[in-house]
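Visitor: I would like to learn how to read a few features of a model. Please take them one by one.

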Amino acid sequence: MGSESTLRLPVIDFSNLDQKVHTPEWDLVRTQVLEALQEYGCFEALFSKVPLDLRKALLGATEELFDLPLQTKLRNISKKPYHGYVGQYPMVPLYESMGIDDSNISEKVESLSNIFWPEGNPSFSNTIQSFSERLSELDQIVRRMILEGLDLEKYLEEHMGSTNYLLRVMKYKGPQTSETKLGLTAHTDKNIVTILYQNQVEGLEVETKDGEWINVKPSPDSFTVMIGDSLLAWTNGRLHSPNHRVMMTGDEARYSTGLFSIPKAGYIIEAPKELVDEEHPLLFKPFDHVQFLGYYYTEAGQKAKSALRNYCGI
(Lines give C-alpha, C1' and ligand atoms only; values in the text may rest on other atoms or scores of the structure.)
Protein backbone atom coordinates (compact mmCIF):
# COMPACT_ATOMS: atom_id res chain seq x y z
CA MET A 1 0.00 0.00 0.00
CA GLY A 2 1.12 3.62 0.20
CA SER A 3 3.61 4.80 2.75
CA GLU A 4 2.44 5.06 6.35
CA SER A 5 2.21 8.82 5.96
CA THR A 6 0.78 10.99 8.71
CA LEU A 7 -0.11 13.56 6.06
CA ARG A 8 -3.78 14.21 5.47
CA LEU A 9 -5.66 16.40 3.05
CA PRO A 10 -6.74 19.87 4.17
CA VAL A 11 -10.27 19.98 5.59
CA ILE A 12 -12.38 22.97 4.48
CA ASP A 13 -15.79 23.82 5.93
CA PHE A 14 -18.33 25.16 3.41
CA SER A 15 -21.26 25.07 5.83
CA ASN A 16 -23.31 28.24 6.17
CA LEU A 17 -21.50 30.22 3.49
CA ASP A 18 -23.47 33.20 2.15
CA GLN A 19 -22.88 33.37 -1.62
CA LYS A 20 -24.74 36.65 -2.06
CA VAL A 21 -22.15 38.84 -0.38
CA HIS A 22 -18.40 38.75 0.10
CA THR A 23 -18.16 38.01 3.79
CA PRO A 24 -14.88 37.55 5.66
CA GLU A 25 -15.82 33.86 5.99
CA TRP A 26 -16.23 33.52 2.21
CA ASP A 27 -12.86 35.17 1.59
CA LEU A 28 -11.18 32.92 4.16
CA VAL A 29 -12.61 29.74 2.64
CA ARG A 30 -11.64 30.95 -0.85
CA THR A 31 -8.05 31.37 0.30
CA GLN A 32 -8.07 27.86 1.79
CA VAL A 33 -9.45 26.41 -1.47
CA LEU A 34 -6.76 28.06 -3.62
CA GLU A 35 -3.97 26.99 -1.30
CA ALA A 36 -5.20 23.39 -1.15
CA LEU A 37 -5.62 23.09 -4.92
CA GLN A 38 -2.23 24.63 -5.61
CA GLU A 39 -0.45 22.30 -3.17
CA TYR A 40 -2.47 19.06 -3.23
CA GLY A 41 -4.98 19.45 -6.08
CA CYS A 42 -7.68 18.24 -3.68
CA PHE A 43 -9.13 18.63 -0.21
CA GLU A 44 -11.77 17.27 2.14
CA ALA A 45 -14.96 19.37 2.15
CA LEU A 46 -17.64 19.67 4.82
CA PHE A 47 -20.89 20.60 3.05
CA SER A 48 -24.12 20.51 5.02
CA LYS A 49 -26.49 21.02 2.06
CA VAL A 50 -26.41 17.27 1.35
CA PRO A 51 -28.14 15.87 4.45
CA LEU A 52 -27.25 12.57 6.08
CA ASP A 53 -30.45 10.80 5.02
CA LEU A 54 -29.78 11.65 1.36
CA ARG A 55 -26.18 10.47 1.59
CA LYS A 56 -27.36 7.18 3.10
CA ALA A 57 -30.03 6.83 0.42
CA LEU A 58 -27.39 7.39 -2.27
CA LEU A 59 -25.18 4.59 -0.98
CA GLY A 60 -28.26 2.35 -0.80
CA ALA A 61 -29.18 3.21 -4.39
CA THR A 62 -25.60 2.48 -5.48
CA GLU A 63 -25.69 -0.97 -3.87
CA GLU A 64 -29.10 -1.63 -5.42
CA LEU A 65 -27.70 -0.81 -8.86
CA PHE A 66 -24.65 -3.06 -8.57
CA ASP A 67 -26.75 -5.92 -7.19
CA LEU A 68 -28.52 -6.15 -10.56
CA PRO A 69 -27.58 -9.07 -12.86
CA LEU A 70 -24.60 -8.40 -15.13
CA GLN A 71 -26.76 -8.64 -18.27
CA THR A 72 -28.96 -5.87 -16.88
CA LYS A 73 -26.00 -3.63 -15.99
CA LEU A 74 -24.59 -4.09 -19.50
CA ARG A 75 -27.63 -2.22 -20.84
CA ASN A 76 -25.91 0.97 -19.69
CA ILE A 77 -23.94 1.79 -22.83
CA SER A 78 -22.49 5.08 -24.05
CA LYS A 79 -20.47 6.35 -27.00
CA LYS A 80 -18.34 8.30 -24.52
CA PRO A 81 -15.51 6.37 -22.86
CA TYR A 82 -16.22 5.36 -19.25
CA HIS A 83 -19.74 6.82 -19.29
CA GLY A 84 -21.53 3.47 -19.60
CA TYR A 85 -21.00 0.26 -17.64
CA VAL A 86 -17.36 -0.56 -16.94
CA GLY A 87 -16.32 -3.90 -15.48
CA GLN A 88 -14.83 -7.31 -16.15
CA TYR A 89 -11.35 -5.84 -16.71
CA PRO A 90 -8.50 -8.30 -15.90
CA MET A 91 -6.18 -5.44 -14.85
CA VAL A 92 -8.65 -4.22 -12.20
CA PRO A 93 -10.83 -7.23 -11.37
CA LEU A 94 -12.22 -5.68 -8.17
CA TYR A 95 -13.62 -2.63 -9.96
CA GLU A 96 -16.86 -1.87 -11.76
CA SER A 97 -18.61 1.43 -12.43
CA MET A 98 -21.50 3.07 -14.25
CA GLY A 99 -22.01 6.58 -15.52
CA ILE A 100 -25.20 8.62 -15.28
CA ASP A 101 -25.07 11.57 -17.69
CA ASP A 102 -26.85 14.80 -16.71
CA SER A 103 -27.51 13.28 -13.30
CA ASN A 104 -28.89 16.57 -11.96
CA ILE A 105 -31.74 16.52 -14.53
CA SER A 106 -34.77 14.42 -13.54
CA GLU A 107 -35.81 13.38 -17.05
CA LYS A 108 -32.33 12.12 -17.93
CA VAL A 109 -32.02 10.08 -14.74
CA GLU A 110 -35.51 8.58 -15.17
CA SER A 111 -34.67 7.62 -18.74
CA LEU A 112 -31.60 5.70 -17.61
CA SER A 113 -33.42 4.18 -14.65
CA ASN A 114 -36.06 2.76 -16.98
CA ILE A 115 -33.34 0.83 -18.80
CA PHE A 116 -32.65 -1.12 -15.60
CA TRP A 117 -36.18 -1.15 -14.19
CA PRO A 118 -38.71 -1.00 -17.06
CA GLU A 119 -41.51 -0.84 -14.49
CA GLY A 120 -39.87 2.28 -13.03
CA ASN A 121 -37.91 2.98 -9.88
CA PRO A 122 -38.81 6.52 -8.74
CA SER A 123 -36.96 6.17 -5.42
CA PHE A 124 -33.69 5.46 -7.23
CA SER A 125 -34.21 8.30 -9.74
CA ASN A 126 -35.16 10.84 -7.08
CA THR A 127 -32.16 9.95 -4.93
CA ILE A 128 -29.65 10.23 -7.79
CA GLN A 129 -31.11 13.50 -9.08
CA SER A 130 -31.47 15.14 -5.67
CA PHE A 131 -27.96 14.17 -4.56
CA SER A 132 -26.45 15.43 -7.83
CA GLU A 133 -28.37 18.69 -7.76
CA ARG A 134 -27.38 19.51 -4.19
CA LEU A 135 -23.77 18.48 -4.62
CA SER A 136 -23.48 20.53 -7.82
CA GLU A 137 -23.80 23.59 -5.58
CA LEU A 138 -20.46 22.68 -3.99
CA ASP A 139 -18.90 22.29 -7.45
CA GLN A 140 -20.13 25.75 -8.42
CA ILE A 141 -18.90 27.35 -5.18
CA VAL A 142 -15.43 25.84 -5.62
CA ARG A 143 -15.18 26.92 -9.25
CA ARG A 144 -16.40 30.43 -8.43
CA MET A 145 -13.80 30.70 -5.68
CA ILE A 146 -11.07 29.56 -8.07
CA LEU A 147 -11.98 32.21 -10.64
CA GLU A 148 -12.29 34.91 -8.00
CA GLY A 149 -8.95 33.92 -6.49
CA LEU A 150 -7.27 34.14 -9.90
CA ASP A 151 -9.00 37.49 -10.75
CA LEU A 152 -10.94 35.86 -13.59
CA GLU A 153 -14.48 36.68 -12.50
CA LYS A 154 -15.35 38.07 -15.93
CA TYR A 155 -15.18 34.50 -17.28
CA LEU A 156 -17.49 33.07 -14.61
CA GLU A 157 -20.70 32.82 -16.66
CA GLU A 158 -18.95 31.27 -19.65
CA HIS A 159 -17.00 28.87 -17.44
CA MET A 160 -20.08 27.64 -15.58
CA GLY A 161 -22.03 27.24 -18.81
CA SER A 162 -19.29 25.18 -20.46
CA THR A 163 -19.91 21.98 -18.49
CA ASN A 164 -22.42 19.21 -17.84
CA TYR A 165 -22.54 16.82 -14.89
CA LEU A 166 -21.82 13.10 -14.85
CA LEU A 167 -22.40 10.99 -11.74
CA ARG A 168 -20.23 7.89 -11.79
CA VAL A 169 -21.09 5.20 -9.25
CA MET A 170 -18.35 2.74 -8.38
CA LYS A 171 -17.95 -0.57 -6.58
CA TYR A 172 -14.71 -2.19 -5.45
CA LYS A 173 -15.09 -5.75 -4.25
CA GLY A 174 -13.22 -6.70 -1.11
CA PRO A 175 -10.25 -8.85 -2.19
CA GLN A 176 -10.96 -11.36 0.64
CA THR A 177 -7.38 -11.11 1.87
CA SER A 178 -5.33 -9.05 4.30
CA GLU A 179 -2.88 -8.35 1.47
CA THR A 180 -3.38 -5.05 -0.33
CA LYS A 181 -4.69 -5.41 -3.88
CA LEU A 182 -5.09 -2.86 -6.67
CA GLY A 183 -8.62 -1.47 -6.91
CA LEU A 184 -8.00 1.18 -9.57
CA THR A 185 -4.74 2.13 -11.27
CA ALA A 186 -3.07 5.47 -10.59
CA HIS A 187 -4.40 8.26 -12.81
CA THR A 188 -5.37 11.91 -12.98
CA ASP A 189 -8.96 12.87 -13.75
CA LYS A 190 -9.49 14.51 -17.13
CA ASN A 191 -12.47 16.78 -16.33
CA ILE A 192 -12.86 20.09 -14.46
CA VAL A 193 -13.81 19.20 -10.86
CA THR A 194 -14.55 15.83 -9.25
CA ILE A 195 -16.42 15.50 -5.94
CA LEU A 196 -16.21 12.05 -4.35
CA TYR A 197 -18.39 10.49 -1.67
CA GLN A 198 -17.88 6.99 -0.27
CA ASN A 199 -18.95 4.50 2.35
CA GLN A 200 -16.55 4.01 5.22
CA VAL A 201 -14.37 1.40 3.52
CA GLU A 202 -11.02 3.07 2.90
CA GLY A 203 -8.92 2.71 -0.23
CA LEU A 204 -8.45 6.08 -1.94
CA GLU A 205 -4.85 7.31 -2.04
CA VAL A 206 -3.58 10.63 -3.43
CA GLU A 207 0.01 11.25 -4.49
CA THR A 208 1.70 14.43 -3.32
CA LYS A 209 4.00 16.50 -5.54
CA ASP A 210 6.90 14.82 -3.70
CA GLY A 211 5.71 11.36 -4.69
CA GLU A 212 4.35 10.39 -1.27
CA TRP A 213 0.96 8.64 -1.08
CA ILE A 214 -1.66 9.98 1.33
CA ASN A 215 -4.28 7.52 2.56
CA VAL A 216 -7.51 9.52 2.31
CA LYS A 217 -9.77 8.90 5.32
CA PRO A 218 -12.83 11.14 4.89
CA SER A 219 -15.44 11.34 7.61
CA PRO A 220 -19.04 10.20 6.93
CA ASP A 221 -19.92 13.91 6.71
CA SER A 222 -17.32 14.96 4.16
CA PHE A 223 -16.59 14.88 0.44
CA THR A 224 -13.27 14.74 -1.41
CA VAL A 225 -12.93 17.56 -3.95
CA MET A 226 -10.33 17.13 -6.68
CA ILE A 227 -9.46 18.97 -9.89
CA GLY A 228 -8.79 17.37 -13.25
CA ASP A 229 -6.49 17.95 -16.20
CA SER A 230 -8.96 20.20 -18.02
CA LEU A 231 -8.91 22.72 -15.16
CA LEU A 232 -5.14 22.36 -14.85
CA ALA A 233 -4.87 23.36 -18.51
CA TRP A 234 -7.44 26.18 -18.29
CA THR A 235 -5.59 27.73 -15.33
CA ASN A 236 -2.30 27.35 -17.22
CA GLY A 237 -0.80 25.17 -14.52
CA ARG A 238 -1.73 27.41 -11.58
CA LEU A 239 -3.50 24.45 -9.92
CA HIS A 240 -2.36 20.86 -9.44
CA SER A 241 -4.17 17.85 -10.93
CA PRO A 242 -3.31 15.00 -8.54
CA ASN A 243 -2.45 11.43 -9.32
CA HIS A 244 -4.66 9.06 -7.32
CA ARG A 245 -5.50 5.37 -7.05
CA VAL A 246 -7.58 2.89 -5.04
CA MET A 247 -5.94 0.11 -3.00
CA MET A 248 -8.16 -2.52 -1.37
CA THR A 249 -7.82 -4.97 1.50
CA GLY A 250 -10.18 -7.13 3.55
CA ASP A 251 -13.63 -8.54 2.82
CA GLU A 252 -15.92 -5.53 2.64
CA ALA A 253 -16.96 -3.85 -0.61
CA ARG A 254 -16.17 -0.17 -1.12
CA TYR A 255 -18.90 1.94 -2.74
CA SER A 256 -18.17 5.44 -3.95
CA THR A 257 -19.70 8.07 -6.20
CA GLY A 258 -18.09 10.86 -8.16
CA LEU A 259 -19.85 13.97 -9.44
CA PHE A 260 -17.81 15.15 -12.42
CA SER A 261 -18.18 18.57 -14.05
CA ILE A 262 -17.22 17.83 -17.65
CA PRO A 263 -16.60 20.24 -20.55
CA LYS A 264 -19.25 20.01 -23.24
CA ALA A 265 -18.28 18.58 -26.63
CA GLY A 266 -17.13 21.37 -28.93
CA TYR A 267 -16.14 23.72 -26.11
CA ILE A 268 -12.50 24.69 -26.54
CA ILE A 269 -10.41 24.73 -23.37
CA GLU A 270 -7.93 27.59 -23.60
CA ALA A 271 -6.11 29.41 -20.82
CA PRO A 272 -7.30 33.03 -20.41
CA LYS A 273 -4.76 35.59 -21.60
CA GLU A 274 -4.56 36.98 -18.06
CA LEU A 275 -2.80 33.78 -16.96
CA VAL A 276 -0.13 33.85 -19.68
CA ASP A 277 2.96 36.05 -19.28
CA GLU A 278 6.75 35.85 -19.27
CA GLU A 279 6.76 34.22 -15.85
CA HIS A 280 3.94 31.84 -16.85
CA PRO A 281 4.32 30.89 -20.54
CA LEU A 282 1.45 29.00 -22.17
CA LEU A 283 1.68 25.30 -21.23
CA PHE A 284 -1.04 23.75 -23.42
CA LYS A 285 -2.53 24.33 -26.85
CA PRO A 286 -6.32 24.84 -26.96
CA PHE A 287 -8.21 21.54 -27.08
CA ASP A 288 -11.64 19.90 -27.08
CA HIS A 289 -12.12 17.73 -23.98
CA VAL A 290 -14.02 14.97 -25.81
CA GLN A 291 -11.26 14.69 -28.43
CA PHE A 292 -8.67 14.65 -25.66
CA LEU A 293 -10.56 11.77 -23.99
CA GLY A 294 -10.48 9.92 -27.31
CA TYR A 295 -6.69 10.20 -27.31
CA TYR A 296 -6.40 9.26 -23.63
CA TYR A 297 -8.04 5.88 -24.25
CA THR A 298 -5.67 4.98 -27.11
CA GLU A 299 -2.62 2.82 -26.44
CA ALA A 300 -0.35 5.88 -26.65
CA GLY A 301 -2.55 7.85 -24.27
CA GLN A 302 -2.64 5.04 -21.72
CA LYS A 303 1.15 4.62 -21.79
CA ALA A 304 1.93 8.33 -21.51
CA LYS A 305 3.19 9.64 -18.17
CA SER A 306 0.99 12.69 -18.83
CA ALA A 307 -1.62 12.18 -21.54
CA LEU A 308 -2.45 15.91 -21.41
CA ARG A 309 1.12 16.99 -22.07
CA ASN A 310 1.54 14.41 -24.82
CA TYR A 311 -1.71 15.50 -26.45
CA CYS A 312 -1.47 19.28 -26.35
CA GLY A 313 1.59 20.32 -24.35
CA ILE A 314 3.81 23.07 -25.70
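**Reading the features**

Guide: Start with burial. C42 is buried, at a relative accessible area of 0%. Buried means under 20% relative accessible area, exposed over 50%, partly exposed in between (1.4 Å probe, protein chains only). C312 counts as buried too, at 4% relative accessibility. This is a predicted model: local features need pLDDT of at least 70, side-chain atom pairs count only at pLDDT 80 or more, and totals for chains, interfaces and linings use all residues. Residues are numbered from 1 along each chain as its sequence is written, and side-chain values use heavy atoms, leaving out hydrogens and water.

Visitor: How many disulfides does the rule count?

Guide: A disulfide is a covalent bond between the sulfur atoms of two cysteines. The rule asks for a pair of cysteine sulfur atoms within 2.5 Å. By that rule, the count is 0 disulfides.

Visitor: Which residues other than glycine have a positive phi?

Guide: D102 is one of them, with phi near 50°. D102 sits in the loop between strand 3 (95–101) and helix 4 (106–116). Helices (H or I, at least four residues) and strands (E, at least two) are DSSP runs, numbered from the N terminus. D102 counts as buried, at 16% relative accessibility. N236 also has a positive phi, about 55°. N236 lies in the loop between helix 7 (229–234) and strand 10 (244–250). N236 counts as buried because its relative accessibility is 3%.

Visitor: Where is V276, and is V276 buried or partly exposed?

Guide: V276 is in the loop between strand 12 (268–269) and strand 13 (287–288). At 32% relative accessibility, V276 is partly exposed.
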